[in-house]
Structures are given as structure tokens and as C-alpha cells.
Amino acid sequence: MGEIVIATSKIRAVAYYRMSTDRQDTSIASQRKEVEAYAKKHGYMIARDYIDEGISGDATEKRKQFQQLIADAAGRRDFDAILCWDQDRFGRFNSMEAGFYIHPLMKAGVHLATIAQGRVDWNDFAGRMIFSIQQEGKHQYLIDLSRNASRGRRDRFLEGKWSGKPAYGYILGADGHLALGDPSEIAVVQSIFSMRVDEGMGQGSIATRLNEQGIRAPRGGTWNVPAVRNILTRETYTGAVTLGIDQRGKYFSIAGGEVERVTAGMEKRTPLIIPNCHPPIIDQKTWEACAAITTRSIKIKSHARNGKEGAPLAGLLFCGRCGSPMYAVDYRGVGPGYLCAKNHTRGGCGHCKVPQGKALALVASMIRERVLGGSLEALEAAIERQLGRRSQPTDLQALRQQIAEIDRKLEQGAERLVSVDDSLVPVIERKLLDLKAQRKAIERELQAKPAKPPRTAREIAADVWRLDEVLRTGSPRKVRHALSQIVKGITLDFVPGAKTGRGQRYDFTGGRMELLPKEGQSPRRRRS
């Protein structure tokens with residue numbers, strides 16, 4: 001039994017309650033019950049409460065009520081004590097940070113009293129030392145907890161197990177690994193990757209299509225760019241888990257499979273990727289193609305408006321005079337074109353503009369020269385070599401091979417009828433009849449298929465060589481997507497032309513194309 005203090009006058013006080021978990025022994029109601037009993041026993045009169053729920057003791061900047069308490073101590077000056085259940089409820093910051101908040105309390109003549117430690121005397125050397133030691137112990141608890149949690153999370157990931165909420169399209173299996181979830185969610189994930197890789201759609205366009213189809217986002221709302229990006233950058237969908245992509249721990253984090261103390265200026269480490277941990281939703285080839293597109297197109301915009309597909313060369317053209325992007329424009333009576341982004345800025349580049357037709361013709365010419373071998377004959381020879389490597393039979397050849405195989409089986413079956421036991425004759429006869437029926441069905445299919453002569457290398461090359469028509473009449477989105485697979489950027493050249501009422505005009509003379517390296521670019525990843 002502690003000593004009962006009978007106060008002749010009440011001490012003005014406020015109560016501070018904080019909890020970071022839902023444990024009943026530290027609930028706000030439990031803390032309040034004991035603090036009010038302590039106040040009654042020791043002569044405190046509680047004027048009001050300050051409460052922070054679901055916030056860690058060292059996340060002081062997020063504890064809004066705690067910040068208000070400190071401000072009220074210096075501003076309102078209507079209380080002389082702060083009552084808490086335990087010193088760690090007041091805060092789990094270290095002793096150095098604690099001083100930042102305690103100093104204004106000392107100046108205001110406010111002291112701290114807790115049920116677990118009693119009254120804290122900050123004006124006494126011994127009291128400050130005891131408080132500091134206890135405070136460092138409270139802070140060390142969080143550091144140890146962070147280390148142990150990071151180590152446990154790392155061990156689970158090294159076993160291919162999942163921690164936290166499963167990714168969209170998955171559920172958490174009984175063995176701790178991810179398992180395929182709702183088929184409709186799986187189909188949505190696959191369609192998002194298909195729209196990105198096969199159709200070249202931007203993340204905003206993908207979100208718009210999903211919303212038009214009435215598909216709900218993972219959190220139940222509508223789709224937006226961050227929600228789509230979250231899907232496209234999750235390597236989880238290849239069946240892998242990743243460790244150390246981003247540093248999220250305050251005290252310890254996982255880098256390259258190791259638990260390391262977080263320090264200021266800590267360099268980003270190469271992530272550890274553990275493949276084949278759970279069933280994939282997309283294949284590795286699709287992931288790599290999508291990741292490369294995402295990396296390249298961070299600064300590429302389609303300039304699409306009002307549901308249109310945008311400009312076919314948007315994001316790929318740059319002004320040769322100043323290096324700025326060329327933006328898609330469409331002047332009434334003139335038609336679409338591209339204009340230097342710095343045309344209207346003060347002291348900017350100037351009126352560097354090119355009609356879209358001329359730009360497309362230049363792109364077609366450069367692709368013929370840089371990608372297609374420089375001549376129709378060289379392209380035809382390359383296609384001829386490619387066709388020569390193909391060993392797959394045509395559909396007609398495959399059907400004829402099936403008929404030959406059935407004839408062989410029929411012949412073997414007829415031979416067996418002579419030598420088998422009488423009891424097996426009916427069985428073999430039925431199998432022979434089935435084979436004859438299959439043969440007739442394949443013959444009908446063969447007769448229904450007209451023999452089409454394969455296209456020659458010259459015909460294929462001629463179609464590919466007509467790039468001008470393809471670029472001019474094709475879907476702007478698909479043209480933009482196809483070009484982004486091989487072209488990093490196209491710099492357009494301009495020379496001074498005639499002066500107009502709007503100032504100096506610059507005439508388009510040609511350009512230079514920079515191709516993407518064949519090995520592509522490193523994928524842009526996010527955490528699992």
C-alpha cells in the first residue's frame with residue numbers, strides 16, 4: 001500500500017492518454033480508470049483529457065493532441081500537472097528529443113506524474129537522470145521491437161511466405177504462401193497488363209476504361225493512375241516476392257536479405273527477388289515488357305483530350321534548337337502538328353513548328369534507314385532468312401500428318417485381329433471403327449480448307465516498307481506504342497525563316513533519331 005496524501009487544495013491537472021494497439025490492458029478506458037483513481041488519491045483535479053489513438057509513442061509529429069497539450073501548457077497556463085498511466089504513454093522518444101518537449105513544460109511550471117513511476121521532478125538533477133534513463137529504456141524497447149519484427153519478416157520472405165495484406169487477385173493460403181484468389185480479380189490484373197503491353201495504353205487511359213466497364217478498384221472505389229501503377233509495378237504477379245525495394249522501417253529495414261539499422265543517407269540497396277513463391281498471374285515476358293514501357297514512358301504523354309487517342313508522335317519529338325519537347329497542336333484550317341514547348345515563354349526558343357504529315361514522313365524514312373536495312377532488297381533478304389528458320393508445319397500439313405498416323409494405327413489394328421484371342425476381337429473392332437470415324441472427320445476438314453499459298457518474303461517486305469501509310473492511317477495510340485518500343489527520341493532541326501507578325505518563324509529541315517538499346521532498360525519495381 002502506498003502512502004495516502006491528503007491534499008488541502010486540489011492541483012490543477014490534465015490527463016494524457018495514448019494507445020498504439022488494441023490491447024485491452026492499454027486501452028483508453030483502462031488508462032482513464034486508473035488515472036482518475038490516482039488523481040483522487042493524490043489531490044489532482046483533472047480539467048480535461050488529451051487523447052491520441054493508434055499512434056506510436058515515437059511518432060511525436062503525428063500525435064496532434066500531444067502537440068496541443070505542449071502548446072496549451074505554454075499558452076493557456078491553466079494546469080500545473082500532466083497525468084499519465086505510464087511514462088511510455090507520455091512518449092517513447094529518446095532522451096534528447098524528450099528535452100525538446102520538456103523544456104517548455106518546465107518553463108510553464110508543469111510537472112509529469114504517472115501511476116507507474118510517480119511524480120517526475122525535472123527540476124532536480126537526480127530526477128532528470130532517473131527520467132532520462134527510464135526514457136531511454138522506453139525508446140530502446142521500440143528499437144528492439146523493430147529489429148525483431150524486421151528479422152521475422154525477412155525469414156518469412158526467404159521462405160517465400162507472405163506478410164501483410166495479400167495483393168489484389170490473391171488470397172493468403174494456409175501455408176503462409178499466396179494463392180490465386182477471385183477469378184474476376186485475376187482477369188482484371190491480366191487485362192491491365194494486356195492494355196499496357198499489347199495496346200500501349202497509358203495508366204490514365206487504363207483507369208478510364210476500367211471505370212467505364214464498371215469494375216471496382218481494389219479498395220472499392222474508382223480506378224485512378226496510382227491504383228493502375230500499383231498493379232503494373234508489382235513483381236508479385238510473376239510469382240515472386242521482393243525484399244528491400246524501399247526503406248520503410250524507422251529503425252531497422254531489410255536490404256539485400258539482411259536486417260540493417262536505418263541511418264541518415266542510407267544508400268538504396270539492390271532488392272532481393274525470390275521467384276516461384278506462389279502461382280503467377282502474368283508471365284515473365286509480359287512483366288519485362290511492361291516494366292520497360294513504364295521506365296521509358298515516365299515523361300511521355302499522349303496529349304489526349306476528351307476521350308481521343310492523342311497524337312501518334314507525342315512524347316517522342318524534341319526541338320533541336322532548345323531541347324524542349326514538341327507538343328501536339330491542331331490549328332483550325334491548318335491541321336495537326338507539333339510545336340516547341342518553349343515557343344510562348346519569355347526569351348524562349350521561337351515558333352519552331354512542324355506539320356504532323358512531314359514529321360511522320362521523316363520518322364518513316366529514318367526507320368527504313370536505321371531499322372529496316374536501308375533498302376527494300378535488304379529487308380526482303382532479312383525476311384527470307386527469317387522464313388527459312390521456320391520449321392513449323394502449316395495447318396494443312398498438320399492435318400495430313402494426322403491422317404497418316406491414323407492409317408498406320410489402322411494397319412496395326414488389322415494385323416492384331418489375326419493373332420488375338422477371340423474375346424478381344426470386339427474390343428479391337430470398336431477401336432478401329434473409332435479411328436475410321438476420326439479419319440473421315442479430318443478428311444472433311446482437309447477438304448474444307450482451301451490451300452492458300454504462303455506469302456513470299458517480297459510481299460511481306462513490300463507491306464512493311466509502306467510505313468508512311470501505316471503511320472498516317474493507323475491508330476495514334478498503337479502507332480505511339482509501337483514507336484516507343486524502338487525509339488528513345490527524335491530531335492527535329494529548324495533554321496530561321498521568314499519573320500511574321502508573331503515574330504521569328506523557324507522552318508523544319510529534318511531530324512535525328514535515337515534508338516533504344518537492344519537490351520532494353522532496367523524495370524521499375526515496387527515493393528511486393
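This is a predicted model: local features need pLDDT of at least 70, side-chain atom pairs count only at pLDDT 80 or more; totals for chains, interfaces and linings use all residues.
Colleague: Let's start with methionine 195; where is its place?

Modeller: Methionine 195 is in helix α6, which covers residues 183–197.

Colleague: What makes methionine 195 count as buried?

Modeller: Its relative accessible area is 4%, and buried means under 20%, so methionine 195 is buried.

Colleague: Which residues does methionine 195 touch, not counting those up to four places away in sequence?

Modeller: Methionine 195 touches Gly200, Met201, Ile206, Arg209 and Leu210. For Ile206, 11 residues apart from methionine 195 along the chain, the C-alpha atoms of the two are separated by 6.8 Å.

Colleague: On to the cysteines. How many disulfides does the structure hold?

Modeller: The structure holds 0 disulfides.

Colleague: How do you know that cysteine 352 is in no disulfide?

Modeller: The nearest cysteine sulfur belongs to cysteine 349 and is 3.8 Å away. A disulfide needs the two sulfur atoms within 2.5 Å, so cysteine 352 is in no disulfide.

Colleague: And why is cysteine 352 called buried?

Modeller: Its relative accessible area is 0%; the cut-off for buried is under 20%, so the word applies to cysteine 352. Cysteine 84 counts as buried too, at 1% relative accessibility.

Colleague: Which residue stands opposite cysteine 84 in β4?

Modeller: Threonine 114 stands opposite cysteine 84. Strand β3 (residues 81–84) and β4 run in the parallel sense, with 4 bridges.

Colleague: What makes β4 and β5 a pair of strands?

Modeller: They are joined by 3 bridges, and pairing needs at least two, so β4 and β5 pair. The two run antiparallel and form a hairpin with 3 residues between them. Within this pairing, threonine 114 stands opposite glycine 118 in β5.

Colleague: Which way do the residues of β4 point?

Modeller: His111 and Ala113 point one way, Leu112 and Thr114 the other way, and all are buried.

Colleague: Last one: where is arginine 63 found?

Modeller: Arginine 63 is in the loop between β2 (44–53) and α2 (64–75).

Colleague: How do you know that arginine 63 has no salt bridge?

Modeller: The nearest side chain of opposite charge is aspartate 52, 5.1 Å away. A salt bridge needs a side-chain nitrogen within 4 Å of a carboxyl oxygen, so arginine 63, though buried, has none.

Definitions and conventions. Residues are numbered from 1 along each chain as its sequence is written. Side-chain values use heavy atoms; hydrogens and water are left out. Buried means under 20% relative accessible area, exposed over 50%, partly exposed in between (1.4 Å probe, protein chains only). Contact means heavy atoms within 4.5 Å. Lys and Arg count as positive and Asp and Glu as negative; His and the chain ends are not counted.
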